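This report describes the fold and packing of a single chain.

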Amino acid sequence: MTPTDTAFVTDLAARLIAEGADDGDIATVQSQLGRYPRGMVAVGARCVCGNPLAVVTRPMLPGGIPFPTSCYLTGPEVVKAVSHVEAEGHMPEYTDLVEHDADAKAAYERAHEMYLGFRHALATALGDDESHIEGISAGGMPVRVKCLHALVAQSLVMGPGVNLVGDMVLERIRHEFDPAVCRCGRTADDGAATDENREGKTR
Ligand SMILES: [Zn+2]
């Protein structure tokens, strides 16, 4: 990782820890996930309306449970939109890209290192032990594409230009989800059901 990248993830971690999570954010994320967000450090990305889209979680949960997925997607609309991309069978395209395109491969490796650097900064600042998850990032990085939700979460938390696959998925789902366009409450479930109904009728 370059010194610039290290500084970027270290500053980001420090800023999020300083920001923290208030009771309102925790309650919103709990309702998004359907469970209490244990070890939540802060909201890492928000919809333009302020609703959480992704959370940052500490490397070790209370009770000593190692937690590698430092950037976790929570917004129901974005979760659903990303699930559509996975269900449509686009994973092999992304895997093929990071396996065979030299530039994409290097960029994906960098995203992995920045993920680890970010978590290391969290661990250092919070006094969390990372030994159980050393070298493990998320989403299949650095050589495979296994979970687009994890990659999109990194893109939303760290911004564009860090995770190329997450960035590409965000571009692909822009008609359905865009952090700059609030569609909160208009759940993609409704849209999917409508599309299915429509298909059912025309068949
Ligand atoms: Zn919103």
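Leaving aside residues up to four places away in sequence, Val 165 touches Tyr 94, Val 98, Tyr 108, Val 145 and Leu 151. The model is predicted, and the contacts described here are computed from it.

Val 165 belongs to the largest nonpolar core, which has 51 residues. Together with Ala 54, Val 82, Val 152, Ala 153 and Val 169, Val 165 touches the most other members of that core. In soluble globular proteins, nonpolar side chains tend to be buried together.

Helix 7 spans residues 164–172 and is mostly covered, with 7 of its 9 residues buried. The buried positions are Leu 164, Val 165, Gly 166, Asp 167, Met 168, Val 169 and Leu 170. Which helices contribute to the cover over the buried residues of helix 7? Among them are helix 3, helix 4 (91–100), helix 5 (102–126) and helix 6 (148–158).

**Helix 3**

Helix 3, one of the elements that cover helix 7, comprises residues 76–87. From first to last C-alpha, its 12 residues reach 16 Å, close to the expected 16 Å at 1.5 Å a residue. Its buried residues are Pro 76, Glu 77, Val 78, Val 79, Ala 81, Val 82 and Val 85. An α-helix has 3.6 residues a turn, so residues three or four places apart point the same way. Val 82 is also named above among the core residues with the most contacts to other members. Just after helix 3, Gly 89 adopts a positive phi of about 85 degrees.

Three strands make up an open sheet in the order 1-2-5, with antiparallel pairing. Strand 1 (40–46) and strand 5 (71–73) lie at the edges; each has a single partner strand, so one side of each is left without a neighbour in the sheet. From one strand to the next, the twist averages 30 degrees. The two pairings are set out below.

| Strand pair | Sense | Bridges | Residues standing opposite |
| Strand 2 and strand 5 | antiparallel | 3 bridges | Val 56 and Cys 71 |

Strand 2 covers residues 52–57. In the hairpin that joins strand 1 to strand 2, 5 residues lie between the strands, and Gly 50 takes a positive phi near 110 degrees. Strand 1 is mostly covered, since 5 of its 7 residues count as buried. Helix 1 (residues 3–19) lies across strand 1 and strand 2 and runs at about 110 degrees to strand 1.

**The chain as a whole**

The chain contains 8 helices and 5 strands. Read from the N terminus, the order of elements is α-α-β-β-β-β-β-α-α-α-α-α-α. The radius of gyration is 17 Å, close to the 17 Å given by the globule rule for 203 residues, so the chain is as compact as a globular protein of that length. Along the principal axes, the C-alpha trace spans about 60 × 45 × 30 Å.

What share of the 203 residues counts as buried? The figure is 39%. Of the contacts between residues at least 6 apart in sequence, 58% join residues at least 24 apart.

Methods
Residues numbered from 1 in each chain as written. Predicted model: local features only at pLDDT ≥ 70, side-chain atom pairs only at ≥ 80, totals over all residues. Pairing = 2+ DSSP bridges. Helix = DSSP H or I, 4+ residues; strand = E, 2+ residues; numbered from the N terminus. Axes fitted to C-alpha atoms, helices over the stretch in contact; angles between N-to-C directions. Contact = placed C-beta atoms within 7 Å. Expected span 1.5 Å × (residues − 1). Buried ≥ 20, exposed ≤ 12 C-beta atoms within 10 Å, placed from the backbone. Rg over C-alpha atoms; globule rule 2.2 N^0.38 Å. Core = buried A, V, L, I, M, F, W, Y, C linked by C-beta atoms within 7 Å.
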